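Welcome to this short tour of a protein and the two ligands it holds. Please have the viewer ready and follow along.

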Amino acid sequence: MTKTHYKASIVYQIYPRSFKDSNGDGIGDLQGIISELDYLADLGVDVIWLSPFYKSPNADNGYDIADYQAIMPEFGTMADFDDLLRGIHQRGMKLIIDLVVNHSSDEHFWFQESRKSLDNPYRDYYIWQPPHQNDKGENVPPNNWLSFFSGDAWQWDATTEQYYLHLFAVKQPDLNWENPKLRQEIYNMMHFWLKKGVNGFRMDVIPFLSKDQNFPDYPKGRFGDLTVYANGPRIHEFLKEMHETVLKHYDCMTIGEGFGVSAEQANLYVGSDRAELDMIYHFDHAVPRYEHSFIAPDPEFTLPQIKAIFAHWDTQLGEKGWQNVYFGNHDNPRILSRLGNTGIYHKQSATSIATALLTQRGTPGIYQGDEIGMTNCHFEDISEFNDLQVLNAFQALVVEKNADKGQFLKASNRIARDHARTPMQWKNEKNAGFTVDSVGKGGTTWLKVNPNFNKINVADARKDPDSIWHFYKKMIQFRKDHPVLVHGSFEDIAPADANIYAFTRTLSDEKVLVVCNFSAEKQVFSLGFEVKNVLISNYLGENTDGTSRSNREGGVLNLQPYQACVFQLFVH
Ligand code: ISL
Ligand code: CA
């Protein structure tokens with residue numbers, strides 16, 4: 001693949017249910033997005049990744065698709081979609097859409113047919129297996145695989161007396177990629193969207209498409225490890241076929257969700273010699289979330305751990321591969337609540353994180369709301385959550401196994417996906433201006449609004465020239481003005497430092513140094529480089545600016561809490 005414009009792009013993810021509601025039913029929709037396209041263009045976004053907007057019963061908020069070529073009625077119509085696409089293109093932006101083809105909804109026509117009989121023409125569109133028998137002669141699933149959303153990954157279906165596979169919810173049966181007819185249906189559907197003019201796809205759990213047809217139990221010592229589903233025997237054959245049949249015929253870009261793909265394996269998907277995908281994003285720094293995490297979550301990563309993950313991926317991808325770097329998405333709690341400071345250094349930490357993100361080698365992805373520093377929301381009770389992952393884990397752990405409810409609530413308040421899904425905070429008005437209050441309908445939103453919208457909202461942020469939003473905008477432009485930040489090589493110069501993220505980016509005779517304080521304390525950092533000038537900093541003014549010439553004397557930087565800056569260096 002020779003097209004590389006995606007490398008210099010800034011991707012912004014929209015979770016449509018939570019972005020903006022135009023008609024007062026409390027659910028975000030396509031017209032809502034259309035009404036904020038100027039907002040996104042003003043921020044400097046190049047590519048919008050839109051999470052699923054297809055017809056769906058919403059067991060997993062649209063990641064369970066009942067019709068790949070129809071719009072979710074709650075979100076609008078195909079005419080609205082066409083307007084949205086036109087509006088995006090008119091503003092010089094691109095649209096990539098979510099391709100969710102590891103599974104569909106059980107309400108998809110294919111599955112409705114498939115489950116009817118063993119000889120139904122759609123039977124082999126899904127993964128059916130006869131039962132195994134245990135010692136007592138009872139029917140049991142064909143293997144011991146577990147679902148992402150609690151319980152077995154196999155569901156008994158009484159009509160034909162077989163099990164179907166669902167790596168995700170019971171209502172998300174896995175599609176059978178072994179069947180060439182199914183593959184062709186998917187390719188036709190991809191052509192449909194690309195012909196309409198969409199600019200590519202973000203591909204949901206794409207490493208899962210191929211399954212070992214022997215359906216072995218979990219390998220020894222890895223029981224319950226959900227990453228074993230990735231990188232199946234025919235995955236690269238399928239992706240090459242998809243590329244050959246569909247992708248190569250369009251000027252489009254692809255981002256694979258790399259669940260279960262290690263840095264060492266990444267270039268099998270995105271290596272420039274592979275003709276598969278353009279970019280991948282990994283999970284190594286995401287919040288690990290297994291069922292037991294809802295009682296005993298893993299501790300948060302330390303800064304050196306996060307830095308090591310980024311450096312390792314960078315080295316492994318090398319000159320051959322490319323990644324989509326991100327700190328937040330609809331599956332993760334808010335980055336500010338994880339690595340930043342939601343108290344007095346809210347602004348400083350959000351902008352320090354923005355600096356680190358927007359100076360990485362890789363295409364940066366910004367998740368909606370991170371540009372104003374949205375934070376996790378406190379959920380008072382289990383009834384306030386929406387995500388089936390939390391609700392199913394609650395059922396499995398607290399209801400069925402008597403686990404401690406308080407502990408469950410505490411863990412969910414740290415790791416739940418709902419934190420990223422609370423409505424976007426537009427204004428300091430009722431419901432954060434997310435929904436309009438039309439007669440008889442307004443007033444309730446599908447998921448709780450974070451009460452901190454009085455302090456954190458778009459309208460106020462855009463008015464204040466020193467806000468997180470303005471810094472994101474400035475930083476996005478800064479990246480665009482400095483190709484070294486896109487194409488330059490990356491070197492972490494202080495991997496062991498517990499508080500500071502410091503790295504260089506180098507492109508022929510240009511070298512920049514990025515230094516981000518990730519702590520709430522002042523830090524002293526030995527420079528070790530000859531600084532030409534400061535290019536950008538998240539602190540303004542000589543007195544507070546630890547980067548000023550007087551402050552740099554003696555080869556050290558005196559950094560304020562969460563101060564971040566980028567320096568141009570002399571190259572000898
Ligand atoms: O909780 C997770 C892992 O334990 C999630 O991060 C998620 O299930 C996983 O990353 C796969 O994500 C994608 O596919 C899911 C959907 O629920 C997620 O929203 C989507 O991003 C099934 O389609
Ligand atoms: Ca709506």
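This report takes the two ligand sites in turn.

Keep in mind as you look that this is a predicted model. Let us begin with ligand 1, which sits in the largest pocket.

| Residue | Protein atom | Distance to an oxygen atom of ligand 1 |
|---|---|---|
| D204 | polar side-chain atom | 2.8 Å |
| E257 | polar side-chain atom | 3.0 Å |
| R289 | backbone N or O atom | 2.7 Å |

How much of ligand 1 does the protein bury? Ligand 1 taken alone exposes 490 Å², and 98% of that area is buried by the protein.

Now please turn to ligand 2, the calcium ion. Five residues coordinate the calcium ion: D21, D25 and D29 each through OD, N23 through OD1, and I27 through O. The distances run from 2.3 to 2.4 Å. Along the chain, these donors of the calcium ion are arranged with the spacing D-x1-N-x1-D-x1-I-x1-D.

Definitions and conventions:
Residues are numbered from 1 along each chain as its sequence is written. Chains are lettered from A and ligands numbered from 1 in the order in which they are written. This is a predicted model: local features need pLDDT of at least 70, side-chain atom pairs count only at pLDDT 80 or more; totals for chains, interfaces and linings use all residues. Side-chain values use heavy atoms; hydrogens and water are left out. A polar contact is a pair of N or O atoms within 3.5 Å; within protein, one must be able to donate a hydrogen and the other to accept it, and residues adjacent in sequence count only if both atoms are side-chain atoms. Accessible areas come from the Shrake-Rupley method with a 1.4 Å probe; for residues, only the protein chains shown count as cover. On a 1 Å grid over the protein atoms alone, a cavity is a set of points where a 1.4 Å probe fits but cannot get out, and a pocket is an open set with protein on both sides within 12 Å along at least five of seven lines; lining residues have an atom within 4 Å of a point. A molecule sits in a cavity or pocket if more than half of its atoms lie within 2 Å of its grid points. Donors are N, O and S atoms within 2.8 Å of the metal (3.2 Å for Na, K and Ca); water is not among the atoms, so sites may look incomplete.
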